[in-house]
Amino acid sequence: MRTHRQERSGAARNSDSSRRRTGEPIERLYGRNAVLESLIAGRRRFVRLLVAESATAGQRLADIESLATSHGAPIERVTRSVLDTLVKGHSQGVALEAYSYPYVSDYDLHALAQARSVVLALDGLVDPQNVGSLLRTAEATGVSLVVIPTDRAAQVTPAVVNASSGAVEHLNIATVTNLARWLGRARDSGYWVVGMAGDESADPLFDTRMTPPIVLVVGSEGGGMRRLVREQCDLLVSLPMMGRVTSLNASVAGSIGLYEIRRDTDDSLNE
């Protein structure tokens, strides 16, 4: 005889199979912050909320369940072992099945430039933790658009959503096949393209006035910006390194760059 718990586990597997047959990609977001922010943003279509029977109750979990219900996503209680099997990460007792991240494609570069917006371009960042951390800063500093190459770069996966504490769910993120060419279009639209670099040819970041419209380009964790991307930059800036290490984590360097743009923008408004 099957137990009630076994029936629940079997239902989860059967439900997974039926969704896979539709051919529509479904992701499992995990972590309470990531799940909550996704539900608050409401930009995805949600399938169901999985909650571990042993999950610690609290206001955040209550908010998650309430929002899931308001979005029409059924709540299913499962064992912790079932949840751990379904989620490849620290779930904190919750996982939200949803359709894939809604990238944007209908943005107007000219209009964004006229609005003096800040755009963040990521050139080849592949580590989900780095990408998620930097995107969290991008959301906090009011970045209007994030651009990510379609190849050789981390996309918005559940790991990235979790690393950003769900901040990516509130961002407008676009993917492009050729970042160097896209940067050329951004320059033609009125943007000033600034690249974060770590070599002596770059100008010191804190001695450079950077006010929007700006595209800030952050290169990969190891090699930095690719040559063609670098050639599209109007200016290269670097951070002062006063210790023994010669470079910073890409997400740290990019975050400092974004906040410096924010500071320069605020100073210009107060002049």
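**Surroundings of alanine 95**

Tutor: Apart from its neighbours within four places in sequence, alanine 95 is in contact with Leu29, Tyr30, Arg48, Leu49, Leu50, Leu83 and Val87. The model is a predicted one. Alanine 95 belongs to strand β4, which covers residues 94-99. With a relative accessible area of 0%, alanine 95 is buried, because buried means under 20% relative accessible area. Glycine 31 lies 64 residues away from alanine 95 along the chain, yet the C-alpha atoms of the two are separated by 6.9 Å.

The side chain of arginine 48 meets that of glutamate 76 in a salt bridge, at 2.9 Å from N to O. This pair links distant parts of the chain, since arginine 48 is in strand β2 and glutamate 76 in strand β3 (residues 75-78), 28 residues apart. Arginine 48 counts as buried at 1% relative accessibility, whereas glutamate 76, at 24%, counts as partly exposed.

A further salt bridge joins glutamate 27 to arginine 44, and the closest N and O atoms are 2.8 Å apart.

Helix α10 supplies a local case. Glutamate 260 and arginine 263 form a salt bridge through their side chains, at 2.6 Å from N to O. Both residues lie in helix α10, three residues apart, which is about one turn of the helix. Glutamate 260 is buried, with a relative accessible area of 5%, but arginine 263 counts as partly exposed at 41%. Elsewhere, salt bridges that share partners join Arg28, Arg48, Glu76 and Glu97 into one network. The count of salt bridges comes to 11.

Valine 252 is found in helix α10 (residues 250-270) and is partly exposed, with a relative accessible area of 38%. Together with Met241 and Leu248, Val252 forms a nonpolar surface patch with about 210 Å² of accessible area in total.

The account now turns to the sheet. Seven strands form an open sheet in the order β7-β6-β5-β10-β8-β11-β9, with parallel pairing. At the edges stand β7 (173-176) and β9 (203-204), each with a single partner strand, so one side of each is left without a neighbour in the sheet. Within the sheet, strand β5 (residues 118-123) and strand β6 (residues 145-149) pair in the parallel sense over three bridges. Alanine 121 has valine 147 in β6 as its bridge partner. Helix α6 (residues 128-140) lies across β5, β6, β7 and β10 (214-219), and runs at about 175° to β5. Helix α10 also packs on the sheet, where α10 touches β5, β8 (192-196) and β10; the direction of α10 makes about 165° with that of β10.

Key
Residues numbered from 1 in each chain as written. Predicted model: local features only at pLDDT ≥ 70, side-chain atom pairs only at ≥ 80, totals over all residues. Heavy atoms only, no water. Patch = residues over 30% accessible without salt bridge, like charges linked within 9 Å, V, L, I, M, F, W, Y side chains within 5 Å. Areas by Shrake-Rupley, 256 points an atom, 1.4 Å probe, with all protein chains shown as cover. Salt bridge = Lys/Arg side-chain N within 4 Å of Asp/Glu carboxyl O. Helix = DSSP H or I, 4+ residues; strand = E, 2+ residues; numbered from the N terminus. Buried < 20%, exposed > 50% of the residue type's maximum accessible area, 1.4 Å probe, protein only. Contact = heavy atoms within 4.5 Å. Pairing = 2+ DSSP bridges. Axes fitted to C-alpha atoms, helices over the stretch in contact; angles between N-to-C directions.
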